[in-house]
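Please examine the model shown below.

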Amino acid sequence: MKIDGKAWRTIWLESDGAAIGIIDQTMLPHRFATVRLASLDDAVRAIKTMQVRGAPLIGAAAAYGVWLALRVDASDENLERSYGALLAARPTAINLKWALDQMLAAVRNRPRPERVAAALRRAEEIADEDVAINQAIGRHGLKLIEEIAARKNGARVNVLTHCNAGWLATVDFGTATAPIYLAHDQGLPVHVFADETRPRNQGASLTAWELGHHGVPHTVIPDNTGGHLMQHGMVDLVIVGTDRVTAQGDVCNKIGTYLKALAAADNKVPFYVALPSPTIDFTVSDGLSEIQIEQRGAEEVAHMTGKTSDGRIETVQVVPDGSAVANYAFDVTPARLITGLITERGVLQANREALAAAFPERAKLAP
Ligand code: MRU
């Protein structure tokens with residue numbers, strides 16, 4: 001996507017071929033800064049501190065991280081060590097494990113002198129595949145927006161989204177945003193309600209920033225507003241991303257997604273989840289009991305960071321000294337609340353049969 005007229009991806013091979021470049025998402029929306037990742041430790045730190053985040057981008061960053069590790073030492077021991085260090089960096093997004101397994105398969109059985117080149121090749125492919133997948137998700141999701149636009153006779157189509165499943169969460173285009181960008185580019189009157197998404201505010205800071213740079217009309221809303229908007233007919237459809245989809249179609253996504261699905265079901269608003277196939281985890285079935293939910297530090301809840309009126313970036317405390325806080329980063333939306341899954345192979349029902357039929361090569365590898 002473009003920033004001030006220049007095309008960017010969220011992750012790239014630096015021009016000297018010796019490191020990876022990323023956009024530092026912890027600085028957005030107030031500063032646009034890029035960071036050079038030159039080692040395994042740099043890649044692990046970038047994922048842990050959420051300089052890169054979003055399930056597909058975490059996967060791509062981990063893939064490049066393996067390459068960075070092998071450049072120093074292409075032994076089996078270092079391959080295993082880098083796999084373990086990267087896997088432990090964030091627990092929920094299954095794209096991380098998927099990408100690491102891809103890297104393992106690409107290099108493990110090769111002689112050491114070939115491993116570094118093979119790792120870079122596979123990491124670049126993973127990044128390119130993500131872009132192609134998101135473009136396909138966009139084409140399938142576009143039809144949903146077109147249908148609503150036709151029904152509304154040209155009145156604006158209001159899409160509500162949660163967190164950031166935009167191009168910043170992927171290598172390019174985004175998952176939930178891919179249909180929105182396509183619709184906008186084709187001249188459809190699409191408008192986005194972006195949930196602010198406490199505690200880290202990925203909706204307010206990242207989704208709003210990228211939609212704004214692409215010229216997509218949008219409104220940032222406090223997280224608790226979606227239900228009210230749906231009760232008053234102000235949301236035509238919900239599209240969210242996801243960090244992991246189970247074999248039976250349960251969806252794990254940013255905390256608060258479940259409440260939006262409940263409100264959508266109560267108000268008969270279609271609730272779609274956009275996902276690339278590497279986000280499907282055929283090894284788990286019941287999302288509620290089988291997915292370990294990441295708990296993050298208290299400071300994300302207790303503090304907020306923003307720009308002061310004189311342009312300084314400051315962090316302030318918003319809870320009393322000594323209050324306990326809880327920071328569950330994700331929740332699980334049961335398949336029964338989901339209207340459809342927008343994948344690169346079409347819009348599917350959220351159930352075991354539809355997922356296995358669309359992705360038989362992945363389903364058959366499940367235990
Ligand atoms: O904690 P984050 O910012 O990595 O969480 C991201 C989300 O929940 C996204 O909505 C999800 O990863 C889908 S990304 C296309």
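The paragraphs that follow treat the domains, their interface, the ligand site and some backbone features.

This is a predicted model, in which local features require pLDDT of at least 70 and side-chain atom pairs count only at pLDDT 80 or more, whereas totals for chains, interfaces and linings use all residues. Residues are numbered from 1 along each chain as its sequence is written, and side-chain values use heavy atoms, with hydrogens and water left out.

The domain assignment divides the chain into domain 1 (2-129) and domain 2 (139-363); such bounds come from an automatic or database domain assignment. Between the C-alpha centres of domain 1 and domain 2 the distance is 24 Å. Across the interface, 32 residues of domain 1 are in contact with 35 residues of domain 2, contact meaning heavy atoms within 4.5 Å. The two domains bury about 2800 Å² between them, and 60% of this lies on carbon and sulfur atoms. Buried area here is the accessible area (1.4 Å probe) that two parts lose on being put together, summed over both. On the side of domain 1, Arg53, Thr92 and Ile94 lose the most area to domain 2, together 22% of what that side buries.

Polar interactions also connect the domains. There are 11 residue pairs in polar contact between domain 1 and domain 2, both residues being at pLDDT 80 or more. A polar contact is a pair of N or O atoms within 3.5 Å; within protein, one must be able to donate a hydrogen and the other to accept it, and residues adjacent in sequence count only if both atoms are side-chain atoms. The elements giving two or more residues to the side of domain 1 that touches domain 2 are strand E1 (2-3), helix H2 (55-72) and helix H4 (94-107). Helices (H or I, at least four residues) and strands (E, at least two) are DSSP runs, numbered from the N terminus. Of these elements, H2 gives the most to that side, with four residues.

How many salt bridges are there between domain 1 and domain 2? The count is one salt bridge, defined as a side-chain nitrogen of Lys or Arg within 4 Å of a carboxyl oxygen of Asp or Glu. Side chains of opposite charge can pair when their charged atoms come close. Glu294 forms a salt bridge with Arg90, and their closest N and O atoms are 3.0 Å apart. In the whole structure, 18 salt bridges are found. Another salt bridge joins Asp42 and Arg45, with the closest N and O atoms 3.4 Å apart. Because Asp42 and Arg45 are three residues apart in helix H1 (residues 40-48), about one helical turn separates them.

Arg90 also belongs to the ligand site. An N or O atom in the side chain of Arg90 is 2.8 Å from an oxygen atom of the ligand. For the side chain of Asn253, the corresponding distance is 3.1 Å. Ala55 places a backbone N or O atom 3.1 Å from a ligand oxygen atom.

Most residues other than glycine have a negative phi, and most peptide bonds are trans. A cis peptide bond joins Leu28 and Pro29, with omega about 10°; Pro29 lies in the loop between strand E4 (20-23) and strand E5 (34-37). Arg198 and Pro199 are likewise joined by a cis peptide bond, with omega about 10°, and Pro199 is found in the loop between strand E7 (190-195) and helix H7 (202-214). Cys163, a residue other than glycine, has a positive phi near 60° and lies in the loop between strand E6 (157-161) and helix H6 (178-185).
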